[in-house]
Amino acid sequence: MESFVEWGYLGLFIASFLGATIIPLSSEFVFSFLIINGYDFGISFLVATTGNWLGGLSSYYLGRLGNWSLIEKYFRIKKNKINQLKKRIDKWGSTLAFLCWLPIVGDPIAVGLGFFRVNYILVATWMLLGKIFRYAVWAAITYWGVSLI
C-alpha cells in the first residue's frame with residue numbers, strides 16, 4: 001500500500017483499478033492519504049473514480065467472455081453464484097451495476113451483468129454513478145475523521 005502512495009496519482013489509479021478486480025486491495029486508504037497530504041481533491045477524486053470504474057468494467061468484460069474456468073480460477077466465483085444473480089438481474093437489470101462498488105458482492109454482480117450480456121452503456125453508466133458515490137462518501141468520511149483530530 002505504501003508504494004501506491006509514493007506513486008501519487010498513478011499509484012492511486014493503479015490501486016483503484018486493482019481494488020475493483022480480483023485483487024483484494026483497498027484504494028480508499030491511498031485516496032485518503034493523498035487528499036490529507038495536499039494532493040488536489042478534484043484530481044484525486046477523478047483518478048480514483050476512473051480507475052475503480054475501469055477495473056469494474058474489466059470484471060464485466062470477463063463475465064461477458066463467459067469462460068467459466070477463467071472466472072472460477074481468478075474470481076473464485078462459482079457458476080451457481082452467478083446463476084443465483086439471474087433473478088435479480090432480470091428484475092433490476094443494469095441498475096444493479098450501481099452496487100458494484102460494494103465489497104465482496106460487487107465483483108460477482110459485475111461478472112454476472114457481463115455474463116448475461118446486460119446493456120454495456122447502461123451498465124457502464126450505473127457503475128460509474130456507484131463509483132462516484134463510493135468515493136464521495138469516502139471523502140466525506142476522510143474529512144470528517146480529520147476534523148476530529
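Here is a short tour of some salt bridges, a helix pair and one serine, to follow in your viewer. Keep in mind that this is a predicted model.

**Stop 1: the salt bridges**

How many salt bridges does a search of the whole structure find? It turns up 2, and we'll visit each in turn.

Start by selecting R134 and E28 and showing their side chains. They meet in a salt bridge, with N to O at 2.4 Å. Now colour the helices that carry them: R134 is in helix 8 (residues 120-147), while E28 is in helix 3 (residues 27-36). The two residues are 106 residues apart, so this pair links distant parts of the chain.

Next, select K86 and D90. Here is the other kind of setting: K86 forms a salt bridge with D90, and their closest N and O atoms are 2.7 Å apart. Both residues lie in helix 6 (residues 79-92), 4 residues apart, which is about one turn of the helix. Check the surface again. K86 has a relative accessible area of 30%, so it counts as partly exposed. D90 has 53% relative accessibility, and because the cut-off for exposed is over 50%, D90 counts as exposed.

**Stop 2: helix 4 against helix 7**

Hide those side chains and select residues 41-65 (helix 4) together with residues 106-115 (helix 7). To describe two packed helices, you give the angle between their axes and the distance between the axes. For this pair, the axes come within 6 Å and cross at roughly 45 degrees. Helix 4 and helix 7 are therefore oblique to each other, and their crossing is right-handed.

Which residues make the contact? On the helix 4 side, show G56, S59, Y60, G63 and R64. On the helix 7 side, show D107, A110, V111, L113, G114 and F115. Colour them by class and you'll get 5 nonpolar, 4 polar and 2 charged residues.

**Stop 3: S44**

Stay with helix 4 and select S44, which is found in that helix. How accessible is S44, then, and what is its relative accessible area? The value is 0%, so S44 is buried.

To see what surrounds this serine, leave aside its neighbours within four places in sequence and show the residues in contact with S44.

Notes. Residues numbered from 1 in each chain as written. Predicted model: local features only at pLDDT ≥ 70, side-chain atom pairs only at ≥ 80, totals over all residues. Heavy atoms only, no water. Salt bridge = Lys/Arg side-chain N within 4 Å of Asp/Glu carboxyl O. Buried < 20%, exposed > 50% of the residue type's maximum accessible area, 1.4 Å probe, protein only. Axes fitted to C-alpha atoms, helices over the stretch in contact; angles between N-to-C directions. Parallel < 35°, antiparallel > 145°, perpendicular 65-115°, else oblique. Left-handed = near helix turned anticlockwise from the far one by under 90°. Contact = heavy atoms within 4.5 Å. Nonpolar A, V, L, I, M, F, W, Y, C, P; charged D, E, K, R; others polar.
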